[in-house]
Amino acid sequence: MIFKRILKQSILIALLVGANQNLPAAEPVTLDSCRSLALTHNKQLQIGRERINKARYQRQEAFAVYLPSIDFSGGYVYNQKNLSIFDSDQLLPVKEFDLQTQSYQFNVVKNPMTGEPIMTPDGQYIPSQVALIPKEAMEFDIHNVFFGAITLTQPVYMGGKIVAMNRITRYAEELANAMSNSEAENIIYAVDAAYWQVVSLKAKKELAESYVALLDTLRSNVKLMVAEGVATQSDLLSVEVKYNEAEVDLTKVENGLVLSRMALAQICGQPINTVLTLKDEGINDIGISDAVATSYDINDVYARRQDLESLRLGVKIMEQKARVELASMLPNVVLIGSYSFSNPNMFNGFKNRFNGAFSVGAMVTIPIWHWGGNYNKYRAAKTQAKITGMELDDARDKVELQVSQAAFKAREAVKAYNMTLGNVESAQSNLDHARYGFAEGVMTSQNVMEAQTAWLKAHSEKIDAMIDVKLCDVYLSKVLGTLQR
């Protein structure tokens with residue numbers, strides 16, 4: 001079973017490595033280079049940059065409301081019939097100047113006997129002379145009507161809504177920047193984790209190879225001892241089992257290393273089959289000191305944290321939204337100027353040609369009664385602003401705890417690393433004594449394998465502690481807001 005597992009995993013690693021061998025060898029890349037690649041090619045950061053552009057355009061749009069707007073509207077209408085004021089010819093009575101009364105009097109029909117005006121049965125006088133107005137004289141051609149207007153609108157007072165919207169869009173642009181910076185910090189931390197994971201697995205691969213070589217040497221020596229009759233077949237089988245387990249572990253580490261390189265390439269925005277050879281591969285000592293963030297000003301941390309900055313801007317945006325809702329309960333004043341024209345027009349009689357006129361005015365809108373709808377919207381917005389403020393206070397408390405925990409973990413990681421250095425020296429000394437005792441015949445192969453296992457464990461713990469120091473350090477920088485981008 002062990003040999004089948006080794007065979008399957010060897011085939012997998014061969015396929016993965018074979019896919020990468022077609023690529024040209026590249027120069028070793030540094031951690032800063034990986035960060036730069038990720039910040040340049042990461043899709044989420046590209047989306048964040050577009051959000052910043054969108055917020056900037058919206059801020060410019062809000063500022064334009066301060067300025068007068070000019071609009072043109074026009075149209076054409078075809079009418080089936082003409083416009084006629086009268087339905088038939090009209091007869092109008094006329095007046096003559098009366099010298100006796102010194103005024104104009106209607107000409108009416110008079111009784112020749114009495115000289116009195118004659119009246120109809122319904123009590124109306126009968127004019128003796130009339131003026132004829134033909135129906136066609138008061139008929140106007142409106143078959144084709146063209147009209148248009150150029151309008152200028154200047155807001156004077158909108159209850160503070162325009163000022164509030166400009167502040168909202170400015171805060172929204174700052175918020176987009178803060179969110180982009182926060183995302184960049186997350187990406188840098190992810191790059192560092194993937195980078196040091198590769199370094200760790202490369203070191204463990206070399207360690208596993210050294211361990212296999214140690215067991216192979218021990219296996220050869222036991223074979224010779226079995227041939228000379230100073231060791232049993234059981235001793236050889238124990239070494240063989242240990243050797244096979246080491247081969248399996250080596251294969252797992254190789255597989256993990258290839259997959260970790262793929263993950264790093266993906267985070268850096270490169271094709272997953274890109275082999276990134278890291279500059280820190282093969283590092284044995286990170287050269288750390290015990291002085292790790294023993295003190296910090298929590299107020300400075302609050303000021304640097306981009307996630308807190310996002311919440312602070314969110315509070316400001318909610319406050320301005322409440323101001324917008326308040327503006328819906330205040331009067332609005334707007335100045336309006338326009339030039340309207342039409343064809344036909346009636347400025348100087350009815351004429352089938354274009355003519356127009358200017359007009360200037362002001363419009364005032366005063367909300368009077370909406371059954372508390374606007375006021376409740378304002379109160380809801382104020383409540384949301386309070387909620388956002390309380391979320392900010394809660395986040396500050398959590399950040400203080402987060403910073404304290406991160407600093408504690410960083411200091412503990414340094415202590416653990418320093419302890420592993422002593423363990424490595426002790427394990428190496430123990431292995432040397434075991435190998436010497438085995439060569440002198442005072443120790444068994446089992447003693448040697450136990451010493452080799454302790455040596456492997458000590459070196460593996462050193463590698464884990466070394467990487468943990470690096471990751472704790474970058475995480476502490478992240479929570480302190482000092483991570484360099």
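Does Glu173 count as buried or exposed, and at what relative accessibility? At 14% relative accessibility, Glu173 counts as buried. Keep that residue in mind as we walk through this predicted model.

Let's begin with the partner of Glu173. Its side chain forms a salt bridge with Arg59, and the closest N and O atoms are 2.5 Å apart. Arg59 is partly exposed, having a relative accessible area of 28%.

Now widen the view to the two helices themselves. Two packed helices are described by the angle between their axes and the distance between the axes. Here, the axes of H3 (residues 43-63) and H4 (residues 161-228) come within 8 Å and cross at roughly 170 degrees. An angle over 145 degrees counts as roughly antiparallel, and H3 and H4 are therefore roughly antiparallel to each other. The residues of the contact divide into 10 nonpolar, six polar and six charged.

Next, follow H4 to Lys202. This residue forms a salt bridge with Glu281, with 3.0 Å between the closest N and O atoms. Lys202 lies in H4 and Glu281 in the loop between H5 and helix H6 (298-304), so the pair ties together parts that are 79 residues apart in sequence. Glu281 is buried, with a relative accessible area of 15%.

Helix H5 itself is worth a look. It covers residues 233-267, which makes 35 residues, and it reaches 51 Å from its first C-alpha to its last, close to the 51 Å expected at 1.5 Å a residue. Just after H5 comes Gly269, which takes a positive phi of about 80 degrees.

Finally, turn to helix H8 (residues 373-440), where Asp394 and Lys398 sit four residues apart and are separated by about one helical turn. An α-helix has 3.6 residues a turn, so residues three or four places apart point the same way. Asp394 and Lys398 form a salt bridge, the closest N and O atoms being 3.3 Å apart. Asp394 is partly exposed at 38% relative accessibility, whereas Lys398 is exposed, with a relative accessible area of 54%. Salt bridges can also share partners, and those that do join Lys202, Arg261 and Glu281 into one network. In total, the structure holds 15 salt bridges.

Definitions and conventions. Residues are numbered from 1 along each chain as its sequence is written. This is a predicted model: local features need pLDDT of at least 70, side-chain atom pairs count only at pLDDT 80 or more; totals for chains, interfaces and linings use all residues. Side-chain values use heavy atoms; hydrogens and water are left out. Helices (H or I, at least four residues) and strands (E, at least two) are DSSP runs, numbered from the N terminus. The expected span of a helix is 1.5 Å times one less than its number of residues. Axes are lines fitted to C-alpha atoms, for helices over the stretch in contact, and angles run from 0 to 180 degrees between N-to-C directions. Angles under 35 degrees count as roughly parallel, over 145 as roughly antiparallel, 65 to 115 as roughly perpendicular and the rest as oblique. Ala, Val, Leu, Ile, Met, Phe, Trp, Tyr, Cys and Pro count as nonpolar, Asp, Glu, Lys and Arg as charged, and the others, Gly among them, as polar. A salt bridge is a side-chain nitrogen of Lys or Arg within 4 Å of a carboxyl oxygen of Asp or Glu. Buried means under 20% relative accessible area, exposed over 50%, partly exposed in between (1.4 Å probe, protein chains only).
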